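Here is a short briefing on one protein chain. Look over the fold first, then go through the points below.

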Amino acid sequence: MSCKHYKNSPQKYYKIISFATVVGLLYACSTTKKVPDGEFLLTKNKFEFEDKKEFFDEELIGYVQQKPNKKQLLFVPLGLLLHNAANPKYDTLFSEYLTYPSEMRNQKLRDSLFIKYNMQSDVGKSLLWDRILHNFGTPPVILDQTRTEKSAQSIEKRMTYRGYWDSEVKFKHELDSTAKKAAVTYFLKHNSPTNIREYYYNIPDAGVKSLYQQNINETLVKSGRVLDQTVLEKEVVRINDIMRRSGYYKFNNANDEVYFVADSLKDRKNVPLTLEIHKDSADSPYKRSTFGNIDVAIVDEPSDFGRKTVKDSLRRIRFHKMNDNYKTNSIWRAIIVDNKSVYNQNQLDLTKRNLLAMNNFSILKAKDSLRQGGAIKPNDSIVDVLYLLKPLPKYEIKVGTDLNYSQFLNWGLSPSVDLTTRNVFGGAENLSTSLSGTFGRVVNPRDLDNRIWAYELSAQASLSFPRLLLPFNYYKLIPKRYTPTSSIVLGASVQNNIGLGRVNFNTGLNYFANVNDQSSHRLTLFNTLFSLTKNKDSYYDFFVNDDAIRRVVFDDYFIYNPQLKQQFESGALTRDQVSEQIIGDLNYVATLDAKKANDLVGFLGTLVNKDRQTQDVIISSFIYNFIYNEIGKKDYPNAFYFNGKMEVAGNIPSLFNQKREDNGGVLRSPERTIFGIPYAQFVKFDFDVRKYFKTFGNQTLVLRQFIGVGVPYGNSSSMPFVRSYFNGGANDIRAWVAFGGLGPGGSQVDERVRTYLMGNIKLTTNLEYRIPFTDMYEGAIFTDIGNVWNTENNGFDDQFKFNRFIREMGVGSGFGLRVNVAYITLRVDLAYKIYDPNKPDGEKWRFNQFQPLKPTLNIAFGYPF
């Protein structure tokens, strides 16, 4: 920071420094305000490892019984400060006040306590402020030295559990009597671990033994590895899953049938380990079970089952219904379990998932039990299943309002009304209708100091089916366990952004299938979008930068061709007609010097922008989307995410229309149309790959790679505006705002034009390191790299080439703060340009122009990826 900058705004820095000083003094003086004499405020737990650190060391922190007061606002224990700000007498008074029954807690009781604690001046007062401070504050954590010793013992036990039987844990207290503060240091020594010398298994039951041997390659327990009890626990879970999905009903349900025995009598460092599986002490044989009766009842209350229901059946499933509101076959599709099939716990879990996914029922009871075999004993090989389902309300309405932020709209308001109508045709079909809008103010391009209203209104209807809408039986191809569903979507929207606006109509037929909790498929047939631009003739009125460049070229050409100027000013020629003549006049182009030639290139860019921004287009496409998602699953701490999408557009319309029409684009060739609107032809591939690495316990390193390629062909010479790629924004390359001047490629075209030039190739790499400060606050540092290009050279030096694309990738870095409140994450990122490929040589690296107080600000909800 330069002295000049400080001199220009001393008042601002004075306020910052003063605020920081006050906060520092409050923090230093008030944290021990309520620490009794002779006691110490615990301020820090430190860990020192006296030998090589191990991968599990971060979890040892959780075994410390006393932890310092949590810090909010990055470094200040706000809860402790609030607690200390309350009247000390009020702490004791309020604690006693809460011991009384709630019906006695009133002003009269408070007054009596005020007198008791010599607070007569507060009689008749509610002391609301002190109560707020007391409720939201947290008392100081006073060092308890006996708990330190117990913490050391707990840590040592955990290290032993992890396989380090000879580990040692010592501790030391650092006491500051003057400041009334204390810190605890734990000294950890792992020593050498205990390893598995040989691994055996003792499984008397032949059937269970055979199943275990068939899956032994997947075992987590192997010779030569550390004898880690957490690994043994995972192995028990794995064995349970194998057996329960292979017919062994409630296998190891009491967790006493599968266990490990380690023989440490001869050697504590290398011990033989044996897996033991026994049904009981007598080694009774296990029996495989099969599903028996499968009963599904649709009732209002559990007591209605059997008493008010009528029995029906379909393909070995017994149904019990109080009325005919739901067709039997619509419920049958959700039932995975089947009569006389081998018992499989997974099928029970999938059936519950399918029933809930229908969004038509709540499950009152899901019961599986061994069939009773008369008065003597139950039958131990047949499992009967019962589901009691209660229909959800026929109609459900939701009214909501969202607050959103974007670089264009700034802050906007998005009200919505959603109505769900269930079981429309008796087959558990749901009709969802939605009316929504977004309202806000955007910068007026004709007056940058003012904002104008912008809005988007949309209506959409979606009819979902708990089956695939196909004219043939598909269950042998797509099993019921994939939960196949379909939906028909119809929608319309009206946008009015900066004057042009757009009207969109969309429709489509979608198919969904979930292979498991991680993998899902989506196939969209006949996805059709009609996109119509309003007020096309006003393009230059709102895109004033493009208009400025157009005027320069027009004025120069009118000097070269005065007759054309007269025709234009008389209204005989439109701006588009003049533009076509200029770019087609090769004799004029030959007269231009370097500066005017560069102006002409910029002018060509404005025409590309105009054609794309004002284009009416029909996109009729086939879309396939595959998603693999481990995010949020407890079994995947280092989660992986993949989203691949392919879209092919325009092939069906091309079969029925061969006539080409010139529909108004200056640079576009004549195109085939439907209802006078050109249709797009292209193929497009998007790949979004993410990997999450947990580090140091609760910190996360995230790597993301996005690759997008769109190839126009046939009826399209370029990708339509709504399917093209652009750079920038809160979830992309954050050092540039959306349409903020990065790309395409390394083009040196006037930035005023490049702002709205897009591409059909996109590469983006993101790296982000997330550091939680508290449960509420999280910091992040990040680097974003990427750009967009075109497959063909449009005259702007924006073509993708393998020998130079790396030099044309923009680089931005920065840091951010995330605030987690309930289920909402507010994100603020400050980003700086590091490398700008669109600057002239010698100016691409931006270190010399680095301005720490002028970052690119990104405000958003949720994580960027």
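This is a predicted model. Strand 5 pairs with strand 6 (residues 270–277) in the antiparallel sense, over five bridges. The protein chain as a whole holds 19 helices and 30 strands. Of its 865 residues, 43% count as buried.

**Chain-level numbers**

- Among contacts in the protein chain with a separation of 6 or more, 65% join residues 24 or more positions apart.
- The protein chain exposes about 45,300 Å². Carbon and sulfur atoms supply 56% of that area.

- Tyr259 stands opposite Glu276 in strand 6.

**Nonpolar cores**

- In soluble globular proteins, nonpolar side chains tend to be buried together.
- The largest nonpolar core has 28 residues; Phe291, Val296 and Ile331 touch the most other members.
- Elements giving two or more residues to this core include strand 7 (290–298), helix 11 (345–357) and strand 17 (502–514).
- Leaving aside neighbours within four places in sequence, Phe291 is in contact with residues including Val337, Tyr343, Leu348, Val383 and Val385.
- A second, separate core has 23 residues, among them Ile549, Val553, Tyr557 and Val749.

**Helix 13**

- Helix 13 (residues 544–560) has 17 residues. Its first and last C-alpha atoms are 24 Å apart, close to the 24 Å expected at 1.5 Å a residue.
- Its buried residues include Ile549, Val553 and Tyr557.
- An α-helix has 3.6 residues a turn, so residues three or four places apart point the same way.
- The cover over the buried residues of helix 13 includes helix 12 (539–542), helix 14 (562–569), helix 17 (594–613) and helix 19 (751–754).

- Strand 28 (residues 810–821) and strand 29 (residues 824–835) run antiparallel, joined by 11 bridges.
- Asn820 has Thr825 in strand 29 as its bridge partner.
- Strand 28 and strand 29 form a hairpin with two residues between them. Ala822, in the turn, has a positive phi of about 55 degrees.
- Strand 29 is also joined to strand 30 (residues 856–861), antiparallel, by six bridges. Here Asp829 has Asn858 in strand 30 as its bridge partner.

**Backbone exceptions**

- Most residues other than glycine have a negative phi, and most peptide bonds are trans.
- Which peptide bond is cis? The one from Gly743 to Pro744 is, with omega near -5 degrees. Pro744 lies in the loop between strand 25 (699–712) and helix 19.
- Phe739 is found in the loop between strand 25 and helix 19. Phe739 has a positive phi of about 55 degrees, and is buried at 14% relative accessible area.
- Asn252 also has a positive phi of about 55 degrees. Asn252 sits in the loop between helix 9 and strand 5, and is buried with a relative accessible area of 0%.

Notes. Residues numbered from 1 in each chain as written. Predicted model: local features only at pLDDT ≥ 70, side-chain atom pairs only at ≥ 80, totals over all residues. Heavy atoms only, no water. Pairing = 2+ DSSP bridges. Helix = DSSP H or I, 4+ residues; strand = E, 2+ residues; numbered from the N terminus. Expected span 1.5 Å × (residues − 1). Buried < 20%, exposed > 50% of the residue type's maximum accessible area, 1.4 Å probe, protein only. Contact = heavy atoms within 4.5 Å. Areas by Shrake-Rupley, 256 points an atom, 1.4 Å probe, with all protein chains shown as cover. Core = buried A, V, L, I, M, F, W, Y, C linked by side-chain atoms within 4.5 Å.
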